[in-house]
Amino acid sequence: LFKLNPKGLKESAEYVRSLMKEELAAGISSDRVVLVGFSQGGAVVLEAALGQDSEACGAVLVLSSFVGSALPAALSPATEVHFFHGEADQVVPISWGQRSFKE
């Protein structure tokens, strides 16, 4: 049903990274940057924060979502990642969120 690296994920994550870079260039401290994504947006912000060529950020909040790409073997301890998923979600199965959290 779901495959890693869906079409457009990398491009969307790169756009989010470009927004992060703008904020960092404007003087915002990286620990004050929090990325939040709902459903597919959660997969995008995870890729933006944890994928290759990622900028450091303070936290990632993932709502009713899933991991959309392979994560690095070691994550930066500076970036907190929090998953939230309702049991009644009829679009993204909770099992996807649980599996992603374990990864």
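Which residue in β2 stands opposite phenylalanine 38? In this predicted model, leucine 63 of β2 takes that place.

## Strand pairing

Strand β1 covers residues 34-38 and strand β2 covers residues 59-63. The two are paired in the parallel sense, over five bridges.

One of the residues bridged here is alanine 59, whose partner in β3 is glutamate 80.

## The nonpolar patch

β1 is the largest contributor to the patch, with three residues.

Leucine 63, the residue opposite phenylalanine 38, belongs to strand β2. Its relative accessible area is 30%, so leucine 63 is classed as partly exposed.

## Salt bridges between the helices

How many salt bridges does the structure hold? There are three. Lys10, Glu14, Arg17 and Glu47 are linked through them in a network.

In the bridge between lysine 10 and glutamate 47, the closest N and O atoms are 3.1 Å apart. Lysine 10 is in helix α1, residues 9-25, while glutamate 47 is in helix α2, so this pair ties together parts that are 37 residues apart in sequence. Lysine 10 is partly exposed, because its relative accessibility is 44%. Glutamate 47, by contrast, has a relative accessible area of 5% and is therefore buried.

Arginine 17 also forms a salt bridge with glutamate 47, with 3.6 Å between the closest N and O atoms. This pair, too, links distant parts of the chain: arginine 17 sits in helix α1 and glutamate 47 in helix α2, 30 residues apart. Both of these residues are buried.

Glutamate 14 and arginine 17 form a salt bridge whose closest N and O atoms lie 3.1 Å apart. Why are these two residues separated by about one helical turn? The reason is that they are three residues apart in helix α1.

Glutamate 14 is partly exposed, with a relative accessible area of 38%. For arginine 17 the value is 4%, which means that arginine 17 is buried.

## Glycine 58

Is glycine 58 buried or exposed? With a relative accessibility of 13%, glycine 58 counts as buried, because the cut-off for buried is under 20% relative accessible area. This glycine lies in the loop between α2 and β2.

Glycine 58 is 22 residues from glutamate 80 in sequence, yet their C-alpha atoms are 6.5 Å apart in space. Glutamate 80 is the bridge partner of alanine 59 in β3. Apart from neighbours within four places in sequence, glycine 58 is in contact with Ser30, Asp31, Val33, Ala78, Thr79 and Glu80.

Technical notes:
Residues are numbered from 1 along each chain as its sequence is written. This is a predicted model: local features need pLDDT of at least 70, side-chain atom pairs count only at pLDDT 80 or more; totals for chains, interfaces and linings use all residues. Side-chain values use heavy atoms; hydrogens and water are left out. Two strands pair if DSSP finds at least two bridges between them. Helices (H or I, at least four residues) and strands (E, at least two) are DSSP runs, numbered from the N terminus. Buried means under 20% relative accessible area, exposed over 50%, partly exposed in between (1.4 Å probe, protein chains only). A salt bridge is a side-chain nitrogen of Lys or Arg within 4 Å of a carboxyl oxygen of Asp or Glu. Contact means heavy atoms within 4.5 Å.
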